[in-house]
Amino acid sequence: MLGAQGRAVHQCDRGWAPVFLDREQSISLMSVGFLLEKPDEAVVWRGPKKNALIKQFVSDVAWGELDFLVVDTPPGTSDEHMATVEALRPYQPLGALVVTTPQAVSVGDVRRELTFCRKTGLRVMGVVENMSGFTCPHCAECTSVFSRGGGEELARLAGVPFLGSVPLDPVLTRSLEEGHDFIQEFPGSPAFTALSSIAQKILDATPMCLP
Amino acid sequence: MEEVPHDCPGADSAQAGRGASCQGCPNQRLCASGAGATPDPAIEEIKEKMKTVKHKILVLSGKGGVGKSTFSAHLAHGLAEDENTQVHQSGSGWSPVYMEDNLGVMSVGFLLSSPDDAVIWRGPKKNGMIKQFLRDVDWGEVDYLIVDTPPGTSDEHLSVVQYLAAAHIDGAVIITTPQEVSLQDVRKEINFCRKVKLPIIGVVENMSGFICPKCKKESQIFPPTTGGAELMCKDLEVPLLGRVPLDPVIGKNCDKGQSFLIDAPDSPATLAYRSIIQKIQEFCSLHQSEEENLISS
């Protein structure tokens, strides 16, 4: 989705070099996908091997000077989540952003994720509601495709900030597919405003000087 | 079933765990001890237990959030509409919880005391639970066992395939959305199925278009920028079972725990589901007759 298909990881003297997405080197990326010989190869690994790679991604990648390290995770509360929390614990992670869709079935699962955060001592920075309605490009009618209200309800249940709702936006999904820089190229699209607002709230909540 | 090195001598060979290519393999110690040569006794026990279960279907996806659980639930509902069908959607538990006389469910959720309880388990514990779901649950006479899975190709998938190895899985239904980011992961899932010799019943393209309830015009919320599931299925020679459009009524019914197929019988999504379910039934019957022919010939 970040346009880094087919890139490879190289060794440098400080460890694995992350893949830079832009010439200014403002965003770098590491993914198990870069380690595969073929893009259609499945990563058929049990827990211990996944845990070991996650540890390596934290300790053996030459990230250099970073303002933010964002870790995407699969759904659930299993090996990957435990391994990530353990690997990042010495570095005092800022916290977790918890994403839900508006549906009750999603809230039903994501509230368990909040329990995971509490049990592992991971601060919840806030809840984001994704896929929050679709505005028909033909008639401007807004439809709640995946129900409504889940994000705010979850934030209320957990006593954490509700950071915002991101609507379904075909411009966003298309530009992710086609490797465009959505933020640069489509500032007028519905999802842009929501994403920018959420990013700003995170920046505002981040201490200027990290310990 | 663990990821093996390219020159793996085989878990039951004399060189198991001792060969040069065994270095660094996560199975090395197990193989060197000779344990790799001994199959888990649970596999035979599960084979016996599964004799009363006519058809076993796995619902897979490479990617999360594409609608596996929604599809699994509605496949179960759809199959159960035939009063003669005994359907159980697998999850976990010892005695199925019956939603209707012929539709039972099991889920690890039933073992939790609070809606906030999290199942914070590593692989081995999950594998143990899956073994128990298959071996220790009183399934009884069942026509279809539908196994919903998390996205990916990890412990859960390997365990289900491993434990059902002797009991014969009819096949896997793979769910995707039209987007390339989803198809990319589905190609990996298809490769996984081929690697573990799991038959593929076909692919379902979910969230395939949206009809505005007001103006009735169609939009592609998840555009098929690389040809969608249709092109991928053609390239990889797997059947496309059908396309299910987005319908806000689906989500509402899921939230109420109801069958969308009953609540919105004329929705294009319901028609798509029914056609897909019929193809799955035909696949299962065809393979059942093939097996019977093999036994009798």
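Student: What should I know before I start?

Tutor: The model is predicted, so local features need pLDDT of at least 70 and side-chain atom pairs count only at pLDDT 80 or more, while totals for chains, interfaces and linings use all residues. Residues are numbered from 1 along each chain as its sequence is written, chains are lettered from A and ligands numbered from 1 in the order in which they are written, and side-chain values use heavy atoms, with hydrogens and water left out.

Student: How many residues of chain B are in contact with chain A?

Tutor: Contact means heavy atoms within 4.5 Å. Here 54 residues of chain B are in contact with 47 residues of chain A.

Student: How is the size of an interface given?

Tutor: Often as the accessible area lost when the parts come together. Buried area is that loss, found with a 1.4 Å probe and summed over both parts. For chain B and chain A it is about 4400 Å², with 54% on carbon and sulfur atoms. On the chain B side, B:Ile120, B:Arg122 and B:Ile221 lose the most area to chain A, together 14% of what that side buries.

Student: How many salt bridges cross the interface of chain B and chain A?

Tutor: A salt bridge is a side-chain nitrogen of Lys or Arg within 4 Å of a carboxyl oxygen of Asp or Glu. The rule finds three across this interface. One pairs B:Asp155 with A:Arg46, whose closest N and O atoms are 3.4 Å apart.

Student: Which element gives the most residues to the side of chain B that touches chain A?

Tutor: Helices (H or I, at least four residues) and strands (E, at least two) are DSSP runs, numbered from the N terminus. Among the elements of chain B that give two or more residues to that side are α4 (123-135), α6 (180-195) and β9. The most come from α6(B), with eight residues.

Student: Is B:Ser219 buried or exposed?

Tutor: Buried means under 20% relative accessible area, exposed over 50%, and partly exposed in between, using a 1.4 Å probe and protein chains only. B:Ser219 has 7% relative accessibility, so B:Ser219 counts as buried. B:Ser219 is in strand β9 (residues 218-219) of chain B. Not counting residues up to four places away in sequence, B:Ser219 touches A:Phe134, A:Pro137, A:His138, B:Gly209 and B:Phe210.

Student: Which parts of chain B does the pair B:Arg135 and B:Glu45 tie together?

Tutor: The side chains of B:Arg135 and B:Glu45 meet in a salt bridge (3.5 Å, N to O). B:Arg135 lies in helix α4 and B:Glu45 in helix α2 (residues 41-49), so the pair ties together parts that are 90 residues apart in sequence. B:Arg135 is partly exposed at 24% relative accessibility, and B:Glu45 is partly exposed at 40%. B:Glu45, B:Arg135 and B:Asp136 are linked in a network of salt bridges.

Student: What about B:Glu180 and B:Arg187?

Tutor: They form a salt bridge, with the closest N and O atoms 3.0 Å apart. B:Glu180 counts as buried at 13% relative accessibility, and B:Arg187 counts as buried at 18%.

Student: How is chain A divided into domains?

Tutor: Domain bounds come from an automatic or database domain assignment. Chain A has domain 1 (9-93) and domain 2 (95-210). About 690 Å² is buried between these domains, and carbon and sulfur atoms give 70% of that area. In domain 1, A:Phe68, A:Thr77 and A:Val85 lose the most area to domain 2, together 54% of what that side buries. The count of salt bridges between the two domains is zero.

Notes:
Buried area = accessible area lost by both parts, 1.4 Å probe.
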